[in-house]
Amino acid sequence: TDDKNGTVPTPLTNYLDTQYFGEISIGSPPQLFNVVFDTGSANLWVPSQSCSPFSTACFTHNRYDASQSRTYVENGTGFSIQYAAGNVRGFLSEDVVVVGGIPVVQVFAEAASLSAMPFIFAKFDGVLGMGYPNVAIDGITPVFDGIMSQHVLTEEVFSIYYSRDPKHSPGGELVLGGTDPDYYSGNFNYMDTKETGKWEVNMKGVSVGMEMMFCAEGCTAVIDSGSSYITGPASSVSALMKNIGAQLDESGYKVNCNTVKTLPSIEVDVCTVTFRALDVPPPTGPMWILGANFIARYYTEFDRRNNRIGFATAV
Ligand SMILES: COCCCC[C@@](O)(c1ccccc1-c1ccccc1)[C@@H]1CCCN(C(=O)[C@H]2C[C@@H](N)[C@@H](O)C2)C1
């Protein structure tokens, strides 16, 4: 994959098909961080050098040290973000962020406190929101908007490949300004975003085999690169799982995989069905969230120029 107009593909790490992240740098000299490129949010945050030593989740990750960067600009405005699980609190700072080889002067949040759950399980340091500006907290210009305003991209799009095979290296790839033909086959099918300002589309329905089971009148689906699983309204997901014979246990839905024929002893392997029930309250919900396991099957192009999302078969 060659260099395109200053943008180089960012290889992603795949941790157990549930966490995908890539490397960025912040500051001069560059301080390196692993971040989730998250189309479901629009802010950049990384752990701060100033976080409390008692914040285990902060202390066990790379931390930004403003005092070591000659391009640091103080801001100090408060910041807090709440996820479906977990929250981050801190303050804003400004420095040079380099993503895919492109430098951008960026306002980001230094996380002074990270909730232990789930961040002690995070193999990455922070989150780089790839969402639209209108979902950005504190009205901060998102990283990709800062890059678009430099007019260095061939196309105002970014594309994400998530590998499904933990042995495959790299575990995924982010391309700014285009797509990588190495990772998809065939043509893209495009869907307009539902309302400009979110990476969500009108889903036509959810069917099992030939039978349409849910969302027959259409429903909202967020294409969320920062979610591990596919989530849907609890009632729909439980009916869907029942239909495929999945059992719910404390860590999610399970089905018996085919017994492994080659092993001398019969081994019943239990597979995790990567669907989760999540009732998003109105007005945002009810909705489906198509996360990493969906993106792993369909190479996804996020098109800011035409406010649409393209899907091609991932190879
Ligand atoms: C593909 O890689 C996915 C990264 C893992 C996401 C995640 O599984 C996770 C696991 C372990 C530790 C931390 C986090 C995690 C937590 C917050 C932000 C980013 C990652 C999230 C767990 C909580 C629910 N969830 C979201 O709300 C997500 C929804 C999404 N839009 C984000 O804003 C938060 C997904």
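Modeller: A pocket here is an open set of grid points, on a 1 Å grid over the protein atoms alone, with protein on both sides within 12 Å along at least five of seven lines. A residue lines a pocket if it has an atom within 4 Å of one of those points. The model is a predicted one.

By that definition, the largest pocket has a volume of about 1,600 Å³. It is lined by 48 residues, and those closest to its centre are Tyr83, Ala84, Asp224, Gly226 and Ser227. Several elements give two or more residues each to this lining: the strands E2 (19–26), E3 (31–38), E5 (73–82), E20 (275–277) and E21 (287–290), together with helix H2 (116–119).

In the shell around the ligand, E2, E3 and H2 are the elements that give two or more residues. E2, E3 and H2 are also among the elements listed for the lining of the largest pocket. The shell around the ligand has 21 residues, of which Tyr20, Asp38, Asp224, Ser225 and Ser228 come nearest. This shell divides into twelve nonpolar, seven polar and two charged residues.

In the side chain of aspartate 224, an N or O atom is 2.7 Å from a nitrogen atom of the ligand. Aspartate 224 is also one of the residues closest to the centre of the largest pocket. Alanine 84, another residue listed as closest to that centre, has a backbone N or O atom 3.4 Å from an oxygen atom of the ligand. For serine 228, a polar side-chain atom lies 3.1 Å from an oxygen atom of the ligand. On its own the ligand has 660 Å² of accessible area, and the protein covers 86% of this.

Of the 28 residues that line it, Ile230, Thr274, Phe275, Asn293 and Arg297 are the closest to its centre. At least two lining residues come from each of strand E13 (206–208), helix H4 (234–243), E21 and helix H5 (292–295). Strand E21 also gives two or more residues to the lining of the largest pocket. The lining of the second largest pocket divides into 18 nonpolar, seven polar and three charged residues.

Some backbone details belong to loops beside the strands already named. Between E20 and E21 runs the loop that holds proline 286, and the peptide bond from glycine 285 to proline 286 is cis, with omega near -5°. The loop between strand E1 (10–15) and E2 holds aspartate 17, which has a positive phi of about 60° although it is not a glycine.

Conventions:
Residues numbered from 1 in each chain as written. Predicted model: local features only at pLDDT ≥ 70, side-chain atom pairs only at ≥ 80, totals over all residues. Heavy atoms only, no water. 1 Å grid on protein atoms, 1.4 Å probe; cavity = no way out; pocket = protein on both sides within 12 Å on 5 of 7 lines; lining within 4 Å. Points joined across faces, edges and corners; volume = space filled by probe spheres on them. Helix = DSSP H or I, 4+ residues; strand = E, 2+ residues; numbered from the N terminus. Nonpolar A, V, L, I, M, F, W, Y, C, P; charged D, E, K, R; others polar. Near = heavy atom within 4 Å. Polar contact = N/O pair within 3.5 Å; in protein donor to acceptor, adjacent residues only side chain to side chain. Areas by Shrake-Rupley, 256 points an atom, 1.4 Å probe, with all protein chains shown as cover.
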